[in-house]
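Hello,

Here is the structure I promised to pass on. My notes follow below it.

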Amino acid sequence: MTSLRTEIASRPAIVALRRGWLHVVLVPLALLWLSPLVWILVTSLKARTEVFDPAAGFWPQVLRWENYPAALSVAPFGTYLVNSILVTGGILAAQLVTITLAAYAFARLTFPGKNLLFTLFLLQIMFPIYATFLTNFVTVRELGLLNSLPAMIVPFVASGYGTFMLRQAFRQVPTELADAARLDGCGHVGILWHVYLPLVKPTLIAFGIITVVTHWNDYMWPLLVTNSEAVRTLPIGLGLLAKSDSGADWTRLMAATVVVVSPLLVLFVVFQRRFVDSFMHAGLK
Amino acid sequence: MPFGAPFQVRLREAGLAYLLLLPSLVFLAAFTYWPILRSVWFSFHDVVLGDSRIIWLGLENYQRLWDDRLFWKALGNTVFYTVITIPVAIVCALLMAVALDSKLRGMAIYRSAFFYPVMIPSVAAGMVWVFLYSAGYGPINQGLRLIGLPDTAWLYDSSWALPAIMVMSVWKYSGYFMLILLAALKLVPSDLYEAARLDGVSAFDRLIHITLPLISPTLYFVAIIGLLHSYQIFDYVYVMTHGGPADATNVLTFYIYQNGFQYQDIGYASTLANVLLLFVGGLIAVMATVFGRRVHYLGR
Amino acid sequence: MADVVLQGVSKAYAGRPTVHAVDLTVADKEFMVLVGPSGCGKSTTLRMIAGLEDITSGRLLIDGADVTHAQPQKRDIAMVFQSYALYPHMTAYRNMAFGLLKTTRLGKVEVDRRIREAAEILHISHLLERRPNELSGGERQRVAIGRALVRQPKVFLFDEPLSNLDAKLRSRMRGELKRLHSELGLTVIYVTHDQIEAMTLGSRVAILSEGRLQQVGAPMELYMRPANTFVATFIGTPEMSLLRCAVKPEGEGSLVQHERFSATLPMRAGHADAFLGVRPEEVRVSRPGEGLTRGIVERTELIGAEALAEILIGTDRVVARMPVPEAPDSGAEVSVFFDLARARLFDAATGRALPAA
Amino acid sequence: MSNKSTQDRGGLPATRRALVAGAAATVASAALLRGARAQARTKLQFMYPVGVSGDINKLVAGMIAKFNAAHPTIEVEAVYAGNYDNTEQKVITALGVGEPPATWLPINSALQAFLGLDALADVTAKAKADDVYQDFIPGFLETCVSDGKLYGLPFQPSTPVLYLNRTAMKAAGIAKAPETWTELLDVAKALTIREKGELKRWGLTIGGGWHDWIFECYCRQNELVPWTKDKVLFDNPAALDALEFWVKMEQAGVMPKASTWEGSANDFMAGRTAMLYHSTGSLTNLRKSSSFEVDVAFMPKNKAFGACQGGGPIMIAKKQSDAAIEASWTFARWMTSTEVQSQWGRDTGYLAVRKSSWETPEMKAYLKEVPQAKVALDQSAYAGAFLQVPGYHKVREYLKSALDRTLAGEIKPDAALKEANAASNREIQRLLRRRG
């Protein structure tokens, strides 16, 4: 077997040809995918009249870095950034706690009503807030949480999706490890903390990425439940620039977009290998 | 007490389980179950945002719904969007993942290129695509002109506006699905491919007969995620077209929003929301019965 | 005194019993092997001793204390798992230290001393900073044993610890385990499905089948005097041949009447339908004309220095073991002798040995 | 937020007058006692939308800061609430829990909706004691009037105007803006460019998303106000005639079937359309972002000139203490003062509501530089309020859908308008029934 394998792999010409062919397909596709980003970057550095002037060409005449401070002065983006971090971080932290506990119960404990409860958890996957935002809004209002950071966090504290993902991961941990830990003197909490959590780290990271991306970019719910600048998040700041009646102010909108997108983008580019590995080891099945 | 002790042990375990589930259940009850129940209850009433009076209507809202041309249009749009966009995005993602599932130079660049749209806020993405789609000066039309295609005002045209949003959704989410599928592909044992190659199986057949069955659980998972993300279309409609032209892009979530928040007609909006719940629930049920059994997924 | 006493220990899942009232006493410093085919309840029994499964009924005493419902960590036991169950995210050292730090109040220095000492004994001192996935199967095995050793528990439990090793390594580890047991004076309860492993390792062996304890005894005792047909056929390779016959008392001994022969055995037994049990080395084959009876050689098999011949006697088959040069050709008619002084009888209805021991 | 602290200081359960006196005393004493100043401040919330461009947020913040600095007894907190719809929804939500903002800035069409909720303070008397009736431009003031009573002060009125690409017109040899529908069609034809059957430039675009607003202007140009307080009149022949004219322009190939509000502005700036119906509020952005000369003209007339008001007034909540209403009035008055309005108009392109604002030296200088800014003011002489019926949101959607589908050729104009009319009136009736 091994000799065959090396034989196949060691035909460099064929391999090179195959890879070359792939690049021929992938390079244009990647460029296609990247073109909106390029457009965003280029536009963020243009003068206002250049955006629409067909004679102006694709590249800006002069790089207008001043668009960035100008965009950021429209709204208190610093406050928005802090709020975005607090909200996204708050949701992530809360979810990690709730899903860990719940997933452990579903993966490793026996109790009456387990299947029914699990189905109830899955129900939330089917009916995310976009399907129930209306009544959720009423609830949040009644709880007196409108216009506060918690209003943007509480509906997302429990995650059927995360529970499900983590339960799958927990089930893949050999039971013998839990047994060994029990003999080593761990209770349920000890087993969870010392054995399960370290072993499902990739799943936690993968889930973390999904959560952060979702809530960092959420527009609708934060817009509905916040009133004052003190509690608003970055996408609302973008909305300020985007949703004006006279047409968007493109240069500044794009500058603001770059600012909002950059933190996640940089994180991804730097850690992407780890991200992919996480998705891999998370073994999403 | 021969049976006492194990019973106690079991009791303690159940108690612990409920304790662990409690935090989740509290929040699920408040922000998932209660809203669903409430939305059912609202749908039988005349409820107006900002007014505490609630008037019993019986089935009147459902009657209205039945006669509401725009509702049927929105439902049709939602179905169209969902059943086309998800499979297309998954196929795109699968092809990307298969292409990237080898030791290529520039892997990191390709991966980033395909994944970054996921991280762009939908408000911003929507605005950018409004520009890209513009007739005449829009980059997409300029590109199409190069290959000799006529200029189209994508978002102004009632037959193209929804497909245009769908194309953008594919751009936005394929990378996400790709990443998940890529991870699954890497777990397919390579000797299976080698065995197949020795048997003279073509690359396409390898994809169909080896890769797909082996990653089918992940495909199923991705389909579910896709379904959930299809709600995101609200953001695009809200930003890009506001439901127009001629209601061509009005989808259920947006129509619920309009009724609930613009028209303050909570009762009717709840009725619509219930239909959406049924639709999504039904779609998941269909997926579960069609694929679920084959991929051994949800059951255990 | 770290003895383990099982008194009528039973286990039932959802009302279905899987282990039936097992009574077993494991003496201090004894190497007790639980053996039986898969599904016989041996692992469940071990896990009940460990406290990983609750005991449905019966009592478990370790060192005289009733630990029937005690938590695992309170039982002062250590266990080596089939898959080793090493924590993948910890180094070998941390794996060994983890339980020690959790269950005892030992200082870091003492913990370190114990680990170094165990590592020395197990020849894994150079592997301590590695993680399990950087270790070979045999090395993992040693770390797993080391993790148990450092705890210095009253009882060691082994759950098929060698089944994931290749044949060569397995026999080496067997030797090591034996050495450890005798050098360190451990009390060991060891589960395996491999009867050879059981026979070579155990100071005593307990055989289980279908959740019931069949026989407990020293390996040779089990081999020579099996309590029933199950034990008789489970122990020994190739297995004991059973010939259907009728028994009746005759003088000091008994008369055995087979369809093709009759013989007198030195032991007394009552009237019964029975099986005559003979092991391959108790069968002798010679040219036709002599012997107790005749048979047709169905096939012969060469295994190294010896040969096995399967011989048809009436409707029964017996297996004979002999030096290779003496092996008859298949199809040949041969005379057959049995070493009747060592042969045993089993009641055909109950399978129990005759006369009842 | 209402001014709870003031109310508490006014203290005793008493008649309104006593409360006013108490509150006034509090305010007065607070002004005297510097130490107590912070506590005595009346806190007001002001919810506003962004109608025009991102800068509004900044401009409003600046104005509020100025106001607060000048008024030691009042502290206004400005809340950006999204667009007009979001603003209205937020106010209504807050009304539902009994804690409305003190003041807010909705679109003028929402007047009936808020009156239906009994949410608005009647400021007629205050206005009469002031110079409001003298100095405010009557057409703007009218948008806040129902049954002869005044419910707010117009703050940022606008009307649609016709934007023209002057450069393109010169190239086509057209000297002046079209003044009648017929001329509009001719000019649009002349400005439309097709190459080999493919469209390069539209002659005219009607900004989508608000095209129902522009449609009402067309109705008014046919001497029809297509609504009364409790019903709409979309099936009126004058409305049908307007829609048929739109269809005629579409079929002549000079105008796209549909557009979006932001998209049509982009199209104009990019030279994709030579003429554009859009809000006067877009003037600054269109002027600054276009690479050609932008001109503004009256919307062409048919039987008459006609326009309707967009933009919104500052409204004051009824359910708050008299002191808070008084403070809110002070705020609304300041926001609509001569200087502030002059500045606001110049910064945004919205129309200053006071005659005196147009006479300030700054405004005069600005008009010299940007004469286009005057057009909307002149046109507003022909402008009335926009669709002030209950449930106007839904009515707007019905009408937009009818217009869209007609232009897309899915339905005939008369059938479309009849359907929209029936659906709208049913909805209005439903809401009126609920009000009892």
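How much area is buried between domain 1 of chain B and domain 2 of chain B? About 760 Å², with carbon and sulfur atoms giving 62% of it; buried area is the accessible area (1.4 Å probe) that two parts lose on being put together, summed over both. On the domain 1 side, B:Ser39, B:Ser43 and B:Leu49 lose the most area to domain 2 of chain B, together 54% of what that side buries.

Some housekeeping: this is a predicted model, where local features need pLDDT of at least 70 and side-chain atom pairs count only at pLDDT 80 or more, while totals for chains, interfaces and linings use all residues. Residues are numbered from 1 along each chain as its sequence is written, chains are lettered from A and ligands numbered from 1 in the order in which they are written, and side-chain values use heavy atoms, leaving out hydrogens and water.

The domains of chain B, 5–56 and 69–294, have bounds from an automatic or database domain assignment. Their C-alpha centres lie 32 Å apart. Nine residues of domain 1 are in contact with 11 residues of domain 2 (heavy atoms within 4.5 Å).

Now for the two chains. Chain B and chain A bury about 9000 Å² between them, 77% of it on carbon and sulfur atoms. In chain B, B:Phe31, B:Met119 and B:Phe131 lose the most area to chain A. The rule finds one salt bridge across this interface (a side-chain nitrogen of Lys or Arg within 4 Å of a carboxyl oxygen of Asp or Glu). B:Arg38 pairs with A:Glu142 in a salt bridge, their closest N and O atoms being 2.5 Å apart.

Best wishes
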